[in-house]
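Could you walk me through this structure, one neighbourhood at a time? I would like to see how individual side chains sit and what they meet.

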Amino acid sequence: MPSIDAKNLQHIGFILIPGFALMSYASVSEPLRAANLLAGREIYRLSTFSPDGGPALSSGEVPVPAEMLPGRGSGLATIFVCAGGSPRDWQYPTVREGVRIGGISGGPYLLAAAGLLADRDFTIHWEHAPALLESFPALSPRQARFVIDGNRITCGGGIAPLDMMHVLISERMGPDFARRVSDWYLHTQVGEPTAPQRGSLAERYSVHHPGLLSVLEKMEETIEMPLDRAAMARIAGVTPRHLDRLFAAHLGLTFLDQYRRIRLQHARRLLEQSPLSISEIAVATGFSSGAHFSRAYRSLYGMAPSETRRP
C-alpha cells in the first residue's frame with residue numbers, strides 16, 4: 001500500500017442539494033470513511049456543504065448537517081454535487097473551477113447549468129437525462145454507471161458510486177487496498193463504468209421476441225418524431241398486421257397504445273423535472289397540438305398535465 005503522509009491527505013467535499021438521495025450520498029462518501037478505518041489514519045477528510053449552510057434534507061426527509069459552501073483556497077481536492085428530485089426545485093450552488101468536480105445522480109445537471117460539462121464525456125441518472133437533453137441540447141450524456149473525464153467525474157447515482165469509488169480509491173491507494181474497501185461493504189462484484197443504468201428492454205417489458213424488442217427500442221429513440229406502423233414493421237422484419245399481433249400477444253396493447261404510453265411517460269418526466277412549457281413538452285413528445293397532448297395525458301393518468309406540474 002502506498003505511503004500517505006499528512007501533507008498528502010485529500011480533502012473531499014460534498015454539496016448536498018435539498019431532495020438528494022441518501023443512498024447516492026452514502027455510496028459516494030462511505031467508501032472514503034472505510035478507507036480511513038482500514039488505513040488506520042485519516043487519508044481522506046470529508047466535508048459536507050449545502051447552498052444555505054444549514055442541514056440538507058434528503059428525499060426521505062433525513063437532515064444531514066452541512067456548512068456554507070467553501071471559498072477559494074479551501075484545500076479541497078474534489079467536490080461532488082449530489083442532487084435528486086426535480087431540477088425545477090434545485091438551488092444552484094456556485095461551483096468553482098480549480099478542483100476536481102463531480103456530479104452524482106442529478107448533480108451533472110447542475111454542472112451542465114454551470115457550463116462545466118461542455119465538450120466533456122459524462123453521464124447522469126436516466127431519470128434526469130430527458131430534462132438535461134431538453135435544457136442543454138448541445139450536450140450528450142452517456143447512459144453509463146459513471147464516467148471519469150479528467151477533472152470531471154459524473155455518476156448515475158444509486159449504488160453506482162460504490163463502483164466509482166472503487167476506481168478512485170484504486171487510483172490513489174492501489175487495487176489491493178480498494179478491494180479491501182469494497183469487501184468491507186460486501187461489494188464483491190464491482191461494476192464496469194460502461195455497464196447500463198437500467199435493466200434491459202427484455203427485463204423492463206418482459207418481452208423476448210427479437211423483432212418486438214427492436215421496435216420497442218426504436219420507440220424509445222423516436223419520441224419527438226414517431227415513426228408509423230409500416231416503418232416499425234420493417235424494423236421488426238414482419239408485416240404491419242403481424243406487428244399488431246405481436247403487441248397484442250406480448251404486451252396486451254396495440255402498437256399505437258404502447259407507443260403513446262412511452263411518449264406520455266417521457267412527457268410526465270419532463271413535466272416533473274424540466275422548465276419547458278406544456279406546449280413545448282407536447283412538441284417534444286410528438287403530439288400535433290397542446291390539446292391533443294392534454295387529452296392523451298388525461299386519458300392515461302386521469303389528470304391534466306398542469307395538475308402533474310402543480311407544486
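Arg33 is partly exposed, because its relative accessibility is 37%; here buried means under 20% relative accessible area, exposed means over 50%, and partly exposed is in between, with a 1.4 Å probe and protein chains only. Please keep in mind that this is a predicted model, where local features need pLDDT of at least 70, side-chain atom pairs count only at pLDDT 80 or more, and totals for chains, interfaces and linings use all residues. Residues are numbered from 1 along each chain as its sequence is written, and side-chain values use heavy atoms, with hydrogens and water left out.

Arg33 has a partner in Glu30: the two form a salt bridge, with 2.8 Å between the closest N and O atoms. The term stands for a side-chain nitrogen of Lys or Arg within 4 Å of a carboxyl oxygen of Asp or Glu. Both residues belong to helix H1 (residues 22-39), where Glu30 and Arg33 are three residues apart, about one turn of the helix. Helices (H or I, at least four residues) and strands (E, at least two) are DSSP runs, numbered from the N terminus. Glu30 is partly exposed as well, at 26% relative accessibility.

Helix H1 also takes part in an aromatic contact. Its Tyr25 pairs edge-to-face with Phe14, at 5.7 Å centre to centre and 80° between the planes. For such a pair, rings of Phe, Tyr and Trp (its six-membered ring) must have centres within 6.5 Å; planes under 30 degrees apart count as stacked, over 60 as edge-to-face and the rest as tilted. Because Phe14 lies in strand S1 (residues 10-16) and Tyr25 in helix H1, the pair ties together parts that are eleven residues apart in sequence. Phe14 is buried at 1% relative accessibility, and Tyr25 is buried at 14%. Follow the ring pairs and you will find a cluster of Phe14, Phe20, Tyr25 and Phe80. The whole structure holds nine aromatic pairs.

How many disulfides does a search of the whole structure find? It finds zero, a disulfide being a pair of cysteine sulfur atoms within 2.5 Å. The sulfur of Cys155 has its closest cysteine sulfur in Cys82, 9.3 Å away, and therefore too far for a bond. Cys155 is buried, with 0% relative accessibility, and Cys82 is also buried, with a relative accessible area of 2%.

Now turn to helix H4 (residues 160-173). Its 14 residues reach 20 Å from the first C-alpha to the last, close to the 20 Å expected at 1.5 Å a residue; that expected span is 1.5 Å times one less than the number of residues. H4 is mostly covered, with eleven of its 14 residues buried. Among them are Asp163, His166 and Arg172. Gly174 follows H4 and has a positive phi, near 95°.

Next comes helix H5 (residues 175-184), where Asp183 and Arg179 are four residues apart and therefore separated by about one helical turn. Their side chains meet in a salt bridge of 3.3 Å, N to O. Asp183 is partly exposed, with a relative accessible area of 40%, and Arg179 is partly exposed at 28%. In the loop between H5 and helix H6 (201-205) you will find Glu192. Is Glu192 buried or exposed? It is exposed, because its relative accessible area is 54%. Leaving aside neighbours within four places in sequence, Glu192 is in contact with Arg145 and Phe146, where contact means heavy atoms within 4.5 Å.

Our last stop is helix H10 (residues 255-273), which holds Glu272 and Arg268 four residues apart, about one turn of the helix. These side chains meet in a salt bridge of 3.5 Å, N to O. Arg268 also lies over the face of Tyr301, at 4.4 Å from the ring centre; a charge sits over a ring if NZ of Lys or CZ of Arg is within 6 Å of the ring centre and within 35 degrees of the ring normal. The charged end of Arg263 sits over the ring of Phe287 in this way, 4.3 Å from its centre. Thr308 is buried, with a relative accessible area of 13%. By the salt-bridge rule given above, the count comes to eleven.
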